[in-house]
Amino acid sequence: MRIPLEPQHRTPLFRQIEAHLRRSIASGRLPAGTRLPSTRRLASDLGVNRLTVENAYAELEADGLIAGRAGSGTYVLAASPLPPLPPRDASAPWPRWQRELAGRRGATLGDPLGRTPAPARHRHLIRLDGGTGDPRLFPAEEFRKVIQGVMRREGASALGYGDPGGFFPLRRTIAHVLTAQGVPARPENVLVTAGSQRALALVSALLLRPGDAVVVERPTYAGALELFRAHGLRIVGVPIDAQGMRVEELETLLLQHHPRLIYTLPTFQNPTGACLSAPRRRQLLALAARHSVPILEDDYVGDLRYEGRAQPALKASDPQGHVIYVSTFSKMLMPGLRTGFLVAEGPVLDGLRQLQRVEELATCNLMQRALEAYITVGRYQAHLRRASRLYRRRRDAMLRAVERSLPSQVQVEAPAGGLFLWLRLPEGYSSAELLPVAEAAGVRIAPGGDFFPDAGDGARFLRLCFAAHEPEELLEGVRRLATALRSAEHPAPPAVGRRRGPGNERGAVEHGRAEQLPSLPPRA
Ligand SMILES: Cc1ncc(COP(=O)(O)O)c(C=O)c1O
């Protein structure tokens with residue numbers, strides 16, 4: 001493909017390529033369905049860097065003009081985007097039922113996972129705010145073959161509604177895996193859900209009413225906080241330390257607030273990475289039983305362990321059925337599968353199953369069959385081993401980068417598994433204020449406030465995901481964060497600070513930097 005370029009022109013080359021392709025698509029010279037040259041090929045034809053072409057394609061893709069198809073190439077989508085909607089008369093009121101809705105709970109919540117991201121101002125923004133593994137590791141090609149195999153073998157039966165409780169062979173496989181891990185599950189006790197978020201929502205809808213109290217760790221998973229807020233619940237936070245939830249503080253809260261549910265992430269907690277110690281696991285189970293409060297155990301990355309021995313899940317020591325266990329294939333495999341599950345027994349399981357049936361009819365039959373085939377032939381386990389090896393290296397790379405680039409007063413501990421590092425900034429810093437500065441420096445972080453029932457409590461914290469990037473990208477991301485910290489406005493920090501000493505299995509990172517945070521000019 002020939003595209004006339006003017007290297008001396010002040011319009012960047014990628015914009016020149018983008019504009020040329022945009023004109024060609026609009027004029028019909030590149031009709032819908034045209035396969036564009038690969039970025040490597042076009043870069044070589046034009047004598048430019050491959051990244052230049054990638055940027056041009058990314059802009060066109062963002063506008064819905066072209067789309068990449070995995071393993072096949074990039075195609076023109078349509079000669080022109082959809083015609084614009086007729087403008088809405090801003091003075092015309094919404095229908096009454098819409099106006100009534102505006103004040104109601106649920107209708108005014110923001111993005112369920114924090115905030116709607118601001119449009120990237122930096123051309124190569126490094127996103128460390130994510131909450132999944134690396135999409136480049138998703139076994140897309142293998143999965144395509146597995147889906148094709150399912151379609152070939154099972155045909156139309158894979159496309160019916162299927163069992164409302166989940167594809168039985170998948171439930172059986174899940175039960176086998178859990179039993180091997182010490183959770184004595186039977187297929188009848190497994191309910192497959194559209195992701196674990198759906199499982200959390202089902203439990204909330206069945207067990208909780210607006211105004212009920214729910215106990216969470218402080219901090220905890222932002223999506224659960226949003227969900228509980230949407231249900232109008234009172235959220236009661238229990239502090240957390242290196243050994244997980246501070247269970248010794250729980251009993252007073254149980255007596256004070258009479259919660260209807262305890263939501264906990266005992267393994268590689270999101271966001272802190274902490275693991276609940278064995279004695280605390282026992283205490284938590286005993287307390288829940290004594291006060292007859294169900295535990296919702298969210299085991300979202302339990303198999304992404306990089307060292308140490310796994311603690312059995314709470315559900316492994318639950319003969320009386322106090323624990324509703326929830327897990328997902330989103331983090332350990334791919335979130336787009338939208339496949340998670342819960343394990344429970346007794347009336348609560350019946351209630352959850354019925355709720356799922358009336359609200360959803362069934363979860364995606366084809367995807368469950370494909371997943372079952374994928375696990376049964378051993379590919380899932382192989383993927384997990386590979387991902388764990390890689391993520392471990394990335395965790396170490398990010399820890400090294402933090403050690404090397406960030407001021408020594410920034411505290412962090414090495415998690416034994418999972419996806420995240422949880423950083424504590426020195427006094428006087430605010431991660432919410434740091435966010436736009438970091439963004440301008442080219443890195444996106446997850447500010448701590450998102451993870452606390454009361455956002456203000458998270459001001460000095462931030463979460464970084466190490467799993468989704470190569471070590472060099474992590475290094476660069478942390479370097480940019482260091483730049484942002486240096487230029488963030490804040491009151492002058494105190495002189496010294498040190499990381500916590502070695503904790504439990506997470507082992508604190510020691511580092512020998514003497515560097516101090518630079519003193520910045522006081523706020524104007
Ligand atoms: C702790 C935790 N639980 C549950 C979920 C929901 O995941 P999914 O609905 O994709 O299974 C997430 C997603 O970020 C999470 O971090």
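A residue counts as buried here if 20 or more other C-beta atoms lie within 10 Å of its own. By that rule, helix H15 buries Leu474, Gly477, Val478, Arg480, Leu481, Ala482, Ala484 and Leu485. Please keep in mind that this is a predicted model. Across the protein, 41% of the 524 residues are buried, and the secondary structure comprises 15 helices and 16 strands. Here is a friendly tour, topic by topic.

**Overall fold and the main core**

- Among contacts with a separation of 6 or more, 74% are made by residues 24 or more positions apart.
- The largest nonpolar core holds 116 residues, and Leu342 and Leu464 are the ones that touch the most other members.
- Helix H13 (residues 379-405) gives this core its largest share, seven residues.
- The core lies between domain 2 (126-135 + 383-487) and domain 3 (140-378), because both of them give residues to it.
- As general background, nonpolar side chains in soluble globular proteins tend to be buried together.

**Around leucine 464**

- Beyond its neighbours within four places in sequence, leucine 464 is in contact with Leu128, Met398, Phe420, Leu421, Leu423 and Ile445.
- Apart from the core described above there is another one, with 13 residues, including Phe14, Ile17, Val53 and Leu65.
- Glycine 130 sits in the loop between strand S4 and helix H5 (140-154), and its C-alpha atom is 7.8 Å from that of leucine 464, although 334 residues separate the two along the chain.
- Not counting residues up to four places away in sequence, glycine 130 touches Cys465 and Ala468.
- Glycine 130 has 19 other C-beta atoms within 10 Å, so it is classed as partly exposed; the threshold for buried is 20 or more.

**Around leucine 202**

- Leucine 202 belongs to helix H7 (residues 196-207).
- With 23 other C-beta atoms within 10 Å, leucine 202 is buried.
- Setting aside residues up to four places away in sequence, leucine 202 touches Thr193, Leu352, Leu355 and Gln356.
- The C-alpha atoms of leucine 202 and leucine 342 are separated by 10.0 Å, and the two residues are 140 residues apart along the chain.

**Two helices to look at**

- Helix H15 (residues 471-487) has 17 residues, which should span 24 Å at 1.5 Å a residue, and its end C-alpha atoms agree, being 24 Å apart.
- The buried residues of H15 are covered by elements including strand S4 (126-127), H13, helix H14 (431-441) and strand S14 (443-444).
- Residues three or four places apart in an α-helix point the same way, because there are 3.6 residues a turn.
- Helix H3 (residues 50-62) reaches 18 Å between its first and last C-alpha over 13 residues, close to the 18 Å expected at 1.5 Å a residue.
- In H3 the buried residues are Thr52, Val53, Asn55, Ala56, Tyr57 and Leu60, and they pack against helix H1 (13-27), helix H2 (39-46), strand S2 (66-69) and strand S3 (73-76).

**Ligand surroundings**

- There are 14 residues around the ligand, and those that come nearest are Gly195, Ser196, Gln197, Thr328 and Ser330.
- Sorted by class, this shell has nine polar, four nonpolar and one charged residues.

**Backbone details worth a look**

- Most residues other than glycine have a negative phi, and most peptide bonds are trans.
- Arginine 218 and proline 219 are joined by a cis peptide bond with omega of about 10°, and proline 219 lies in the loop between strand S6 (213-218) and helix H8 (222-230).
- Asparagine 270 and proline 271 are also joined by a cis peptide bond, with omega of about 15°, and proline 271 lies in the loop between strand S9 (261-264) and helix H10 (278-291).
- Histidine 258 is not a glycine, yet it has a positive phi of about 45°; its place is the loop between helix H9 (250-257) and S9.
- Histidine 258 is exposed, with 12 other C-beta atoms within 10 Å.
- Leucine 361 likewise has a positive phi, near 70°, and is found in the loop between helix H11 (347-360) and helix H12 (365-376).
- Leucine 361 is exposed, with 10 other C-beta atoms within 10 Å.

Terms used:
Residues numbered from 1 in each chain as written. Predicted model: local features only at pLDDT ≥ 70, side-chain atom pairs only at ≥ 80, totals over all residues. Near = placed C-beta within 6 Å. Nonpolar A, V, L, I, M, F, W, Y, C, P; charged D, E, K, R; others polar. Helix = DSSP H or I, 4+ residues; strand = E, 2+ residues; numbered from the N terminus. Expected span 1.5 Å × (residues − 1). Contact = placed C-beta atoms within 7 Å. Core = buried A, V, L, I, M, F, W, Y, C linked by C-beta atoms within 7 Å. Domains from an automatic or database assignment.
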